[in-house]
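Please open the model in a viewer and keep the selection panel at hand.

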Amino acid sequence: MLTDWLLPILLFGALALMLIGATRRVLAWRAGRNEPVAVVAGLMAMPRRYLVDLHHVVQRDRFIANTHVATAGGFVAALALALLVHGFGVDSSILNGLILLSAAGMFVGACCIAWRRRNPPGRLSRGPWMRLPKSLLVFSTSLFLITLMTADWFPAGLVGWVFSGLLLIGLALGLAEMLVGMGWGGPMKHAFAGALHLAFHRRPQRFGGGRSTGLKPLNLTDSTLGVAKPTDFAWNQLLGFDACVQCGRCEAVCPAFAAGQPLNPKKLIQDMVVGLSGGTDAGYHGSAYPGKPVGEAKGNPGQVIVDGLVSAETLWSCTTCRACVEECPMMIEHVDAIVDMRRFLTQERGETPGAGVQVLDNLIATDNPGGLDPARRFDWAADLELPLIADVGKADVLFWISDGAFDQRSQRILRAFVAVMRAANVDFAVLGNDECDSGDVARRLGDDATFQRLARHNIEVLGRYEFNRIVTTDPHAFHVLANEYGDFGGHYRVQHHSMFINELMEQGQLNLQPKALGRVTYHDPCYLGRYNGEYESPRSVLSTLGIEVQEMTRSGYRSRCCGGGGGAPITDIPGEYRIADMRVDDARAVEAETIAVACQQCTAMLEGVVEPRPQIKDLAELVSEALVTEARA
Amino acid sequence: MLPESRSKTMASQAMKIAALVSVGQHPLSRRERRADQDARAVELALSLSPELPSLIHVGSARNESLRAYLGMGLNNLKVLNADQDVDAVPALASYLGEQALDIVLTGVRAECGEGSGLLPYAVADQLGWPIVPRIVSVVSIAGGYAEVWQALPRGQRRALRVPLPFVASVDPAAEPARQSAFGPAQRGSIDSRPCAAEPDQARANWQQHPAKPRPKRLAVAKGGTAAERMKAATAKPQGQGGQVITEGTDREKAEAILARLVAEGVVR
Ligand code: SF4
Ligand code: SF4
């Protein structure tokens, strides 16, 4: 019969083509910078990462999670069994029965996908991705019927040349999509690249419930600083780009995209794919960068990315809020890629946009972004008589002031926090003028040299004193001190003031008389929440103050950025809306009268929204207002 | 790796241009840096010729803050090795005289040290070249002459025609210097060569102490309402040659303004 000899040819032929394509793909990734990975351990960990860690993220969309289990599980099982039965000629009715079951499961999954794609939301890509459910249906149906036929479970009269010919064509089409497409860049590429990406992820700490959010240090003696060409990425970053399924979840949460700035994280990743494989973005069928046409971008592995593939504006629009990374089911690291390319723009080209140049020059010359007199950093506390650690030598808490010292609004937060610490008799001290900018902004503007200089300086200063922990009201400094100074030898126990105040409250150290505040919502700062997983302490502080938080639709790990991170207010790439306005609209939607914040940058951004709007209060201010002040003896 | 220069006035043939650069000092932190005016001179030099200008410094080749000039996209900086106490003028003049240059650019005055602003004059004098102080741009270079714009107070400009070669100091109103990029700054080379520099005898006898800002006497306006006193305190000194027109129709006022603009050469 026709099927007897044609089936093995089809199966093995498709497999061979897939392997050739896959090899080419692997070589394209390996053109990237070397980055050592634990090969065996990674491969061993892969199934667990897939079934547990990845499932956690995918599970946020239950429908698609279940659909994927049916389709992918059905496909893998059906293919493996079909290879045994049709490829190697193992004749077993049990195996045949299992093929039928798997193909049926796959069919059901494919039907659900097709259903979902009748009228797909804007975040989903079209083009080949619209074809995929059809291919899945054709493949599963053909395999099902062919198996019935070869197992002689079919009414004999129905089997004819034409019919079996049609089935074989169907199967061939299905195999072309599923196997050949996997190796040669079709939608199914995600299965093969995705699996390897999980195995060789650049941040293995993210699996097993961990977190890894600090940027990687740049080697300042590299021949090109940062990423100019696709091959300047680490090879496993390139692999990661190829894992993208174009689900657009990143696009849906990106504040810059929503504000109409020329950034779409999904398109960015797809452009990286264009860069690593060579070609144009004409084959992209998703949403564009707002305000930019699709089809004009060109790239190849050896071409400088910002010269024709991705515009610099796109890279500077990002607030580094990490919403995309948090949401991506394929665990792709958009922020790393964006900062890598910014490093090239700043450190090789000298093309930091907007006020970025001024800010970096100021940081270089005065260790603060405003270019203010470094000898006046500590002036804000002239009347507070704060203990300098240089005088007292050691303390339980080292209070890290941050650049808020130079900003009048932030000083109110700092003073409020001092009042809280004094009320609880905390043993604390400060660095005074010896403290420098943490380096957060310099690093995110791509100037890793300045970041590293500031980090080393601060680490050296901190190393002179004895303290148990660092507490700061600035989540950016918190992140940098806790997660990025380690690479330079600075290891500290760092707490954000929300965590610290919460501890004081739990220990009953604060005598509080909460005031009525009306409806209050809480805005999670990106660098506290997504970067450091701290969602609970601020909420518990608020509830101790007797506040019932009216949660915004986007809160917790899905919190929308205020627009203030990553140097975005400095580079100031124009869009249609302002991100801060959109965030205040979120608060208006829950009729909040007060937005509780936990970051001076968020305060500045949200207070920049025109009135009438909810009032903005930092946690420290709310707590200090509720303090019962005893008459001093 | 740097983008093409932002020049609008690139000369047709390659010009040989040198920029004299000094070690600057940040006014608040006192930290060494690239001097702002000298950096503007380098920026202007970069815009004038497809050939990279040469950078020249008298002092120590070990000063890392000089690298910030290289970060503007230059490969090389030449240091005439000299101690702190030497007079830079003869060293510069004898070196520049050997180089067959067309234009030498500098800042108006240094950010630290003597900072008298005399160096460009003294160098030009020793070379026997013309000196044009405070230029903001070079409009054209042709037939052995350059047309330059000189900055005058209140944003006015004066067009001057200067024969090559000449020395010019660059006004702070000129195009700001481009960002200095860390990579090229680190990779550029700093070559030093000895120079026959004499200690500055005159300066050796000076006594130096930090400048103190002298209090300025304010013309205090007494009496009147608060608004009037405010106005008196913030009023600009009256310029000469101006005219305040309060009478007449809008058309007459507009014509007066136009006549003035034509007279100043802003409108032709
Ligand atoms: S980058 Fe991740 S979230 Fe974005 S489209 Fe690709 S797979 Fe989806
Ligand atoms: S980090 Fe935030 S702003 Fe940047 S691409 Fe991701 S979602 Fe968009």
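**The interface of domains 2 and 3**

In this predicted model, one salt bridge is found across the interface of domain 2 of chain A and domain 3 of chain A. To see it, select A:Arg343 and A:Asp448, which form a salt bridge with their closest N and O atoms 3.3 Å apart.

Next, select helix H14 of chain A, residues 334-349, which gives five residues to the side of domain 2 of chain A that touches domain 3 of chain A, the most of any contributor. By residue class, that side of domain 2 of chain A divides into two nonpolar, three polar and two charged residues.

Now step back and colour chain A by its domain assignment: domain 1 spans 2-199, domain 2 spans 222-349, domain 3 spans 369-504 and domain 4 spans 520-626. Hide domains 1 and 4 for the remainder of the tour. The C-alpha centres of domain 2 of chain A and domain 3 of chain A lie 34 Å apart. Seven residues from domain 2 of chain A and seven residues from domain 3 of chain A take part in the contact.

Switch to a surface display. Domains 2 and 3 of chain A bury about 560 Å² between them, with 49% of this area on carbon and sulfur atoms. Which three residues supply 59% of the area that domain 2 of chain A buries against domain 3 of chain A? Select A:Arg343, A:Thr346 and A:Gln347, which supply that share, more than any other three residues.

Finally, display the polar contacts: four residue pairs are found across the interface of domain 2 of chain A and domain 3 of chain A, with both residues of each pair at pLDDT 80 or more.

Key:
Residues numbered from 1 in each chain as written. Chains lettered and ligands numbered in written order. Predicted model: local features only at pLDDT ≥ 70, side-chain atom pairs only at ≥ 80, totals over all residues. Heavy atoms only, no water. Domains from an automatic or database assignment. Contact = heavy atoms within 4.5 Å. Buried area = accessible area lost by both parts, 1.4 Å probe. Salt bridge = Lys/Arg side-chain N within 4 Å of Asp/Glu carboxyl O. Polar contact = N/O pair within 3.5 Å; in protein donor to acceptor, adjacent residues only side chain to side chain. Helix = DSSP H or I, 4+ residues; strand = E, 2+ residues; numbered from the N terminus. Nonpolar A, V, L, I, M, F, W, Y, C, P; charged D, E, K, R; others polar.
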